[in-house]
Structure formats: structure tokens, C-alpha cells
Amino acid sequence: LFDGVYPFYPQQRKAALFDISTIIVIVVFLTLACSFLLIIPGIRGRARLYWTLRVLLSLFVGVVIVVVQFTGDWETGWVQANTSYKSFSHVQVNADIGLHIGLAGVNVTLRGNPVNQINETINYNEHFPWNFGADYDRSYSEGLEKGLPSPILYVAEKFSRQSPCAVHRQYRIAGHYASAMLWVAFCTWIISNILFSMPVLVYGGYMLLVTGAFVIFSLLSFSTVRNSPMCLIQIGTRTLHVAYGGSFWLVLAIGLLCFVAGITIATVHHLNLELLKAFFDLREDKAEEYQEMPEVFINPHFVSKAL
């Protein structure tokens, strides 16, 4: 073994939920959050709490929009069944079979109960990409050449181009447009943060509404795959069913959060502008200005006699 991977495998296995791209994005946003926490003691008064709330919520929205591009749990499903392990063999094993569908491909997991059975370690996780630029059928053919277990090949075959299920094109296009909508939402999120740093707060709120709209559009794009009937994935005597996963519901929560925040900012702008400026630390505090200038010098040559 080389680093836990058999030497005849051409690449590392992709994790079902988190991979190296997800970890990189999370580390980048955590670095930004930690950098802000280092400077937060320099902000005085109640503005410190407002700054912390705004920055952390904004970073949370940004990291979710980017991370879900690489996660593989937009749709998930698990089933435990007795199934054949290899082709042309009647030997059966008891295993958990998992299906994790993301925007860029599908992960099929096979884990034995127990893991060590028939003198082998049954613990597989294989990724089959369908994003533009990737060849799903080629990765499926490579799985055949590697001799992957029958349950993995059976589930992966349901999403191939030659499958009678005919869901490959729907998932590929839906994932592509959902990803594009999320990248647009990420751009509008950046613009909203720029507007919030300027005295045009209401436009930042409007841009948050646009961000929420594109996030919801990405969900609608992905959910169109449900319009196509999915073939039954029958493993042994059990059926594998898929449902919306954590990434889908997390994106929905972020979209609703952007809508609530945008509507709140627009409403407060028209009802109580001073409160909104205080929350964004844009209100001029005259008392503090007077404290900073305890002594004032006046040149009498530039002051009129009437004053």
C-alpha cells in the first residue's frame, strides 16, 4: 500500500462529502474570520458587537455559496442489503450502499457490515464526474477495468449515457446551471459587501435580495431533475431511495437569510435611517467629537463682529 491506496489505482479516492477543494475554501474563509477577530478589540463601544455580527454572517454566506460547489451531498441515499460482491460469483456480503449526488458528479459508497468479510476489506468510495470537461462513461469504463465491486458498478451504470434511465443529461445540465447561478450569487455577495462599506446601505440591501434570488434559482435549477422519473435502484431485496441532502437545505437556508436581511435593511432604511447608520457604524457621534477636541482655538481675525 502507498498512503492507504493500492498502487494500481491511478488516483486518490474522492471523499463523498469533503475533498481538498472544500477544505481549501473553508481554510481561506476561516483565515479571514480569524484576521477580523484579531482587530475587533480595536473597535470601541457597541459598534464592536455590530461589526462582529455583520462580518461573521457575511463570511458564513460567502463560504457556503462557494463550498457547496464542491460538496457531494445535494442528494443522498443509503440502503443496507445482502448483495453479490463480485461478478460471476454467488458469494454475498452484507453492506451499506450509499449514493451521494453533487453538482459535478456522483459518489458511490460501499461499506461492509462488518468491514472485513470473505477475507477482504470492503470499504469503497468511488467518484464518477459528469461536469463539463469530464467524461462520465470513461470513468465508468475505468471502474470496469479496475474490477470495482458489482454494487458500485450497478449504481454508477444508472447514471451513464447508455442507461435506459436517461438521467445523465438532466443531472449534468441541472448541475451546470445551478453552479453558474451560485457563482453569480457569489459575485453579487461581493458587490453587496462593497456597497455596505459606502454610505449607500439601501443598495447593499437590494444587492442582498439579488444574491438570495440567484441562490434560490440555483435550487430551482437542480430540482428540475425531479421532473424526470428515476429508475429503481434495486440492490438485493432492498431499494435505494435518494432525497435532498445537507447541501441543498443549507443553500436554501442561505437564500432565505439573504432575503430576510435584504428586506430588513430596505425597511429600516425607510423607517429609521439613523438606526441603520448606527448598525453599520456610519452615524456621526457629536459627543465623541467634542471629547476628542477638549480645547478650541479661534482666530478673531476670521470671525465677524456679529458672531
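This is a predicted model: local features need pLDDT of at least 70, side-chain atom pairs count only at pLDDT 80 or more; totals for chains, interfaces and linings use all residues.
Helix H7 has 26 residues, and the distance from its first C-alpha to its last is 37 Å, which is close to the 38 Å expected at 1.5 Å a residue.

- The buried residues of H7 are Ser-247, Phe-248, Val-251, Ile-254, Gly-255, Cys-258, Gly-262, Ile-265 and Ala-266.
- The elements that cover these buried residues of H7 include the helices H2, H5 (168-196), H6 (201-223) and H8 (273-279), together with strand E7.

**Aromatic rings**

- The count of aromatic pairs in the model comes to 16. One of them joins Trp-74 and Phe-248, whose ring centres are 6.3 Å apart and whose planes stand at 80 degrees, so this pair is edge-to-face.
- This pair links distant parts of the chain, since Trp-74 lies in the loop between helix H2 (47-67) and strand E1 (75-84), while Phe-248 belongs to helix H7 (residues 246-271), and the two are 174 residues apart.
- Both partners are buried, Trp-74 as well as Phe-248.
- Ring pairs also connect a cluster made up of Trp-74, Phe-128, Trp-130, Tyr-136, Phe-159, Tyr-171, Phe-222, Tyr-244, Phe-248 and Trp-249.
- Elsewhere, a charge meets a ring: the charged end of Arg-54 sits over the ring of Trp-51, at 4.3 Å from its centre.

**The open sheet**

- Five strands form an open sheet, and reading across it gives the order E4-E3-E2-E1-E7, with antiparallel pairing. At the edges are strand E4 (120-129) and strand E7 (243-244), each of which pairs on one side only.
- Strand E1 and strand E2 (residues 92-101) run antiparallel and are joined by 10 bridges. Within this pairing, Ala-81 has Ala-95 of E2 as its bridge partner, and Thr-76 has His-100 of E2.
- On E2's pairing with strand E3 (residues 105-117), the two strands are antiparallel and share seven bridges, with Gly-98 standing opposite Thr-109 in E3.
- E2 and E3 form a hairpin, and three residues lie between the two strands.
- Strand E2 is mostly covered, for eight of its 10 residues are buried.

Definitions and conventions:
Residues are numbered from 1 along each chain as its sequence is written. Side-chain values use heavy atoms; hydrogens and water are left out. Rings of Phe, Tyr and Trp (its six-membered ring) pair if their centres lie within 6.5 Å; planes under 30 degrees apart count as stacked, over 60 as edge-to-face and the rest as tilted. Helices (H or I, at least four residues) and strands (E, at least two) are DSSP runs, numbered from the N terminus. Buried means under 20% relative accessible area, exposed over 50%, partly exposed in between (1.4 Å probe, protein chains only). A charge sits over a ring if NZ of Lys or CZ of Arg is within 6 Å of the ring centre and within 35 degrees of the ring normal. Two strands pair if DSSP finds at least two bridges between them. The expected span of a helix is 1.5 Å times one less than its number of residues. Contact means heavy atoms within 4.5 Å.
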